[in-house]
Amino acid sequence: MFEGLTDEQKQAIVADLSDMDAKLPGGGLAGYLQRARGLLADAKAGKNPFEGLTPEVPMGERLTGETGPGSKTYADFEKKGMEQLSKTCFCLVAGGLGERLGYPGIKIGITAELTSGMTFMELYAKYILAFQSYARQASGNSSLELPLAIMTSGDTNAKTLELLEANSYFGLSKSQVTIMKQELVPALMDIDARIAVKDGQVEKKPHGHGDVHALLHQHGLPRKWASEGREWLLLFQDTNPLPFRSLCAILGVSAARNFVMNSVTVPRLPAEAVGGICKLKDASGEGMTINVEYNQLDPLLKTTPAGGDVADASGFSPYPGNINVLVFRVPDMAERLESTGGIVPEFVNPKWADAEKSKFKSPTRLECMMQDFPRLCKKEDQVGFTQLERLMSFTCVKNNLADAAKKNPPDCALSAEADIYACNARLLELAGEGKVKIAQPKDVSFLGITASIGARIILAPSFGISLEDMKTKIKGKVSISQKSELLIDGNVTLNDLDLDGALRLLADGELGSKVVKNSGSQLAAIPDQELKSQEPSLQIRGYRRVAAEVEEIKKL
């Protein structure tokens, strides 16, 4: 390790290793290297982690189709979940930069949609505040705060704090937010897990989003929350706000089914690059419900009567698709993490340089995934899933424009914005129970990306924390044209509304019978010569909101 290095470099390396030893969970540096040697030996031997296990369809609730939003089943789960809000905590996994998207900042700083102009971080804060407001009223505790932990990385930590402080934590109190910085782990140069050094420094790499469990444990949060009587923790991702719309139903499932861990899932197409939730049984009949990565799923399923990763009568795989939105029961989570010092089982994926598997092409490291928590669970722990339609649970901004143009769905800023509008439109129609009519969307294209966008409807969390809540806000008929823009940011009740244009309701109260017809606003392409001068959230879109005539109501 020290060959050819100066004394100063050697001292710096020793200091760096000492710092890592103090911060690495699960036995410090020695524990990390010991686990690495075992995993590397297994990798060289070609050990199959699923050998001897038989996959079965796991237990869970499929809130789609006849049991989806608008059904009695869904409503019952929502009502049960609404009772759980006062006992709910939140954790945002936000270690990502937007550089790969062409966005220079952190991903939670991206504008989620242009109608309100809210960033993802502001939107998440508004959801938590809306849940908190409801929980305070329901519990009679006017000082109740719902805690939020945010996992950052070395790349995002300072920028996350800057974003929060510049915006007064978006209405959250500073005391209810905990920032947890993820550390890098040492890279390993060979099968003996010797630490790699490059340019006189220890080479480091990310350990994976499974570190969220170790960080929660190191900060003492699950145990603290459990002592405060909190029951549930939602782990969510940096550019996916849709699960909040279904959170009450998801919590209702967790409470009704006594789930220690509840994976939010979507219907999965066979061979889709999305992990599948499976129950894996060993020879004794003991089972574990866990995510199996898509590249491992088809080989595993070849042992089943289906003969592989194939569709059932529904046209989808019987194994739900994992979207890494997870709900944990806090007291059990605290106990399971204490048993391992916060470590979830790791894996290693070296790129071999020779057939004998004696050398690496480049240094490797141990990795971990947050969805592997069931490996810590006891056999009596109930682990399951809640399946929702994608429109009610999943979108993301992960692809730059060049990559997005080749993918379906594009998973970029335009497609995420379209998903947000479509989800809000669906909720408004369902809340109206036949009284709300919204014109069908049309395809729009910007910078080679196409998405379906109709009426641009934004229902801020303050309008309703669940579909059942929203049902109380629609008293009359509502008609919205395809070109319209509707923003509701407040506890608003709608009577008869005929909208053909742009209307922004920024108040609490009841809107009487109202006809709005104006030239409204539109999403318009940004000319190529102007694109680079625009703010980054517009550069990754290629379009902007242009308002001609908008009616705004700030008092009802």
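Strands are DSSP runs of E with at least two residues, and helices are runs of H or I with at least four residues, both numbered from the N terminus. A cavity, on a 1 Å grid over the protein atoms alone, is a set of points where a 1.4 Å probe fits but cannot get out, and its lining residues have an atom within 4 Å of a point.

This is a predicted model, in which local features need pLDDT of at least 70 and side-chain atom pairs count only at pLDDT 80 or more, while totals for chains, interfaces and linings use all residues. Residues are numbered from 1 along each chain as its sequence is written, and side-chain values use heavy atoms, with hydrogens and water left out.

I start with the cavities. The search of the whole structure gives three of 30 Å³ or more; a volume here is the space filled by probe spheres set on the points, which are joined across faces, edges and corners. Helix 12 gives the most, three residues. By class the lining is eleven nonpolar, one polar and two charged, where Ala, Val, Leu, Ile, Met, Phe, Trp, Tyr, Cys and Pro count as nonpolar, Asp, Glu, Lys and Arg as charged, and the others, Gly among them, as polar.

The second largest cavity holds about 40 Å³. Its lining includes Met261, Ser263, Thr289, Ile290 and Asn291. Strand 13 (287–292) and strand 11 (259–266) each supply at least two residues, and strand 13 gives the most, with three. This lining has five nonpolar, five polar and no charged residues.

Four strands form an open sheet in the order 21-23-26-31, with parallel pairing; strands pair if DSSP finds at least two bridges between them. Strand 21 and strand 31 (551–553) are at the edges with a single partner strand each, so one side of each has no neighbour in the sheet. Strand 26 (502–505) is joined to strand 31 by three bridges, and arginine 504 has glutamate 552 of strand 31 as its bridge partner.

What lies across strand 21 and strand 23 (485–488)? Helix 12 does, running at about 70 degrees to strand 21. Such angles run from 0 to 180 degrees between N-to-C directions, with axes as lines fitted to C-alpha atoms, for helices over the stretch in contact; contact means heavy atoms within 4.5 Å.

Methods: 1 Å grid on protein atoms, 1.4 Å probe; cavity = no way out; pocket = protein on both sides within 12 Å on 5 of 7 lines; lining within 4 Å.
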